[in-house]
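Work through the exercises below with the sequence and the coordinates at hand. Each task is followed by a solution in steps.

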Amino acid sequence: MSTQEITSKVQELRELRRMADELAAEIDGLQDEIKGHMAAQSVDTLSGSDWKITWKPVTSSRLDSTALKRELPEIAARFLKQTTTRRFVLA
């Protein structure tokens with residue numbers, strides 16, 4: 001690919017990312033409006049003819065690796081797993 005083609009692709013990628021950010025903000029806004037309605041109605045489920053929305057608390061348990069490393073560093077070190085990934089960054 002030529003430098004001009006790469007530049008064109010970068011410009012297109014930047015524009016698409018900008019559009020995706022705008023869409024994400026719009027999606028978040030709509031979700032917040034619906035959540036506000038659900039909170040005002042004190043409901044955790046809404047249903048329509050072809051849709052259903054639930055907004056319920058979910059409890060999960062996760063390992064606090066920072067606390068584990070602080071309290072038992074030798075055990076934490078035994079169970080560390082290194083991974084390598086490639087990160088694509090457009091600046």
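**Exercise 1. A network of charged side chains**

The model is a predicted one. Glu 15, Arg 18 and Glu 22 are linked in a network of salt bridges. Work out which pairs form the links and where the residues sit in the chain.

Solution. 

Step 1. Begin with Arg 18 and Glu 15. Their closest N and O atoms are 2.3 Å apart, and the two form a salt bridge. The cut-off used for such a pair is 4 Å.

Step 2. Turn to Glu 22. The side chain of Glu 22 meets that of Arg 18 in a salt bridge, at 2.2 Å from N to O.

Step 3. Check the spacing along the chain. Arg 18 and Glu 15 are three residues apart in helix α1, which covers residues 3-41, so about one helical turn separates them. Glu 22 and Arg 18 are four residues apart in helix α1, again a separation of about one helical turn.

Step 4. Arg 18 is partly exposed at 37% relative accessible area. Glu 15 is partly exposed at 35%, and Glu 22 is partly exposed at 46%.

Step 5. Recall the general point: side chains of opposite charge can pair when their charged atoms come close.

**Exercise 2. The count of salt bridges**

How many salt bridges does the rule give? Describe the pair formed by Arg 70 and Glu 71.

Solution. 

Step 1. The count comes to three salt bridges.

Step 2. The side chains of Arg 70 and Glu 71 meet in a salt bridge with an N to O distance of 4.0 Å.

Step 3. Arg 70 is exposed, with a relative accessible area of 57%. Glu 71 is exposed as well, at 58%. The cut-off for this class is over 50%.

**Exercise 3. A nonpolar patch**

Which residues make the nonpolar surface patch, and what is its area?

Solution. 

Step 1. The patch is made by Leu 72, Ile 75 and Phe 79 and has an area of about 280 Å².

Step 2. Leu 72 lies in the loop between α2 (65-71) and α3, while Ile 75 is in helix α3, residues 73-78.

Step 3. Compare with the patch cut-off, which is over 30% relative accessible area. Leu 72 is partly exposed at 37%, and Ile 75 is partly exposed at 31%.

Step 4. Follow the chain on from Leu 72. Thr 84 is 12 residues away along the chain, and the C-alpha atoms of Leu 72 and Thr 84 are separated by 25 Å.

**Exercise 4. Met 38 and its contacts**

Is Met 38 buried or exposed, and which residues does Met 38 touch?

Solution. 

Step 1. Met 38 lies in helix α1.

Step 2. The relative accessible area of Met 38 is 1%, and the residue is buried. The cut-off for buried is under 20%.

Step 3. Leaving out residues up to four places away in sequence, Met 38 touches Val 43, Asp 44, Thr 45, Leu 46, Ile 53, Thr 54 and Trp 55.

Step 4. Take one of these, Ile 53. Met 38 and Ile 53 are 15 residues apart in sequence, with a C-alpha to C-alpha distance of 9.7 Å.

Step 5. Look at the end of the helix. α1 is followed by Ser 42, which has a positive phi, near 55 degrees.

**Exercise 5. The chain as a whole**

What is the order of the elements, and how spread out is the chain?

Solution. 

Step 1. The protein chain has three helices and two strands. From the N terminus, their order is α-β-β-α-α.

Step 2. The radius of gyration is 23 Å, well over the 12 Å that the globule rule gives for 91 residues, so the chain is more spread out than a compact globule.

Step 3. Along the principal axes, the C-alpha atoms fill a box of roughly 55 × 50 × 20 Å.

Step 4. Consider α1. This helix has 39 residues and reaches 57 Å from its first C-alpha to its last, close to the 57 Å expected at 1.5 Å a residue.

Step 5. Buried residues make up 3% of the 91 residues. The accessible surface comes to about 8800 Å², and 53% of that belongs to carbon and sulfur atoms.

Technical notes:
Residues are numbered from 1 along each chain as its sequence is written. This is a predicted model: local features need pLDDT of at least 70, side-chain atom pairs count only at pLDDT 80 or more; totals for chains, interfaces and linings use all residues. Side-chain values use heavy atoms; hydrogens and water are left out. Buried means under 20% relative accessible area, exposed over 50%, partly exposed in between (1.4 Å probe, protein chains only). Patches are made of residues with over 30% relative accessible area and no salt bridge: like charges are joined within 9 Å, nonpolar side chains (Val, Leu, Ile, Met, Phe, Trp, Tyr) within 5 Å. Accessible areas come from the Shrake-Rupley method with a 1.4 Å probe; for residues, only the protein chains shown count as cover. The radius of gyration is taken over C-alpha atoms; the globule rule is 2.2 Å times the number of residues to the power 0.38. The expected span of a helix is 1.5 Å times one less than its number of residues. Contact means heavy atoms within 4.5 Å.
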